[in-house]
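Let's take a walk through a protein model together. Keep the sequence and the 3D view side by side as you read.

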Amino acid sequence: MSYSAAGQGNDSSGKRRIRDLLSQPDNLVCADCSAPDPKWASANIGVFICLKCCGVHRSLGTHISKVLSVTLDEWSDDDVDSMIEIGGNASANSVYEAFIPDGVSKPGPDASPDQRMQFIRSKYEHQEFLKPSLRITSVKGSNSSSQEPHLEGMVEFIGLLKVTLKKGTNLAVRDMRSSDSYVLLTLGQQTAKSTVMKSNLNPVWNEELMLSVPRDCGSVKLQVFDYDTFSADDIMGEAGIDIQPLITSAMAFGDPEMFGDMQIGKWLKSRDNALIEDSIINITDGKVKQEVHIKLQNVESGELELELEWLRLDQ
């Protein structure tokens, strides 16, 4: 998921339309488990969902469910129009839950991960509750086996990681004299990609990328690429970002709004990581943030400056 500061003004009308739709009575609870106050949506399906169900939707793949945050993500005009056209939870459920067979119960807000996973996959991926004549696909022309999701059970998310990609310095040359650089973040099965900065070795992105953080997660893999139109994109360096210090510090302090500005943790520079200097974790204006300055690895040159922010599930 990405959010560009440059697009804030352009989507204000769309965000207003989505908020108006969310305020309708049937959209005040999750379409899949009836948990109150959903803050996520499946734009192509047309439903508002809670964070726990959001995790299942993401595991299905974007060819089935395109998940967006109501408050944090940038919405395209097509995404907004799709939600408005469908009309929200009641309209979508009248199709996707038209024929729930006896013996199948819709999960509640406190359902187990397995119960939630089984129902949502049956409802959207296998479309078991539709009239047979209404069985549809969520994307046109998608019959590639490579798009089938690999599922090994429900993923339990413990929070959200907002990565503000600030700027790059002295990035590697991969074209004649410059590079069309972009950043790719990977955490587990999730990826988030920045915009491409054309012909710029010192790009300033100031762009926000969002990742859901599963329990027992590893490091975030950061890669920089040069975009090529007619061939494979060239690698311009990589680095691992250890987010455990951020998670541990944030969990230890709980609600950061209860504290004043203060340092609460640190990720130390060492030979085993890409840090240029120690990375300090602070509570700033009621938010847990971490400044990260890294030297790209396995490349001749390049540095990146990032800001990490930990978001609790109830935000």
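Strands (E, at least two residues) are DSSP runs, numbered from the N terminus, and two strands pair if DSSP finds at least two bridges between them. One bit of housekeeping: this is a predicted model, where local features need pLDDT of at least 70 and side-chain atom pairs count only at pLDDT 80 or more, while totals for chains, interfaces and linings use all residues. Residues are numbered from 1 along each chain as its sequence is written, and side-chain values use heavy atoms, with hydrogens and water left out.

Start with strand E9, residues 220–226. E9 pairs with strand E10 (residues 234–241) in the antiparallel sense, over 6 bridges. Look for Phe225, which stands opposite Ile235 in E10. E9 also pairs with strand E6 (residues 181–187), again antiparallel and over 6 bridges; here Leu184 stands opposite Gln223 in E9. How many of the 7 residues of E9 are buried? It's 6, so E9 is largely enclosed by the rest of the structure. Buried means under 20% relative accessible area, exposed means over 50%, and partly exposed is in between (1.4 Å probe, protein chains only).

Now for the inside. In soluble globular proteins, nonpolar side chains tend to be buried together. A nonpolar core is a set of buried Ala, Val, Leu, Ile, Met, Phe, Trp, Tyr and Cys residues joined through side-chain atoms within 4.5 Å. The largest one here has 40 residues, and Val213, Leu222, Ile243, Ile294 and Leu304 touch the most other members.

Most residues other than glycine have a negative phi. Ser199 isn't a glycine, yet it has a positive phi of about 45°. You'll find Ser199 in the loop between strand E7 (190–193) and strand E8 (204–214), and it counts as exposed because its relative accessibility is 57%. Asn206, which is in strand E8, has a positive phi too, of about 50°. Is Asn206 buried or partly exposed? Asn206 counts as partly exposed, at 43% relative accessibility.

Last stop: Met262, in strand E11 (residues 262–267). At 33% relative accessibility, Met262 counts as partly exposed.

Definitions and conventions: Helix = DSSP H or I, 4+ residues; strand = E, 2+ residues; numbered from the N terminus.
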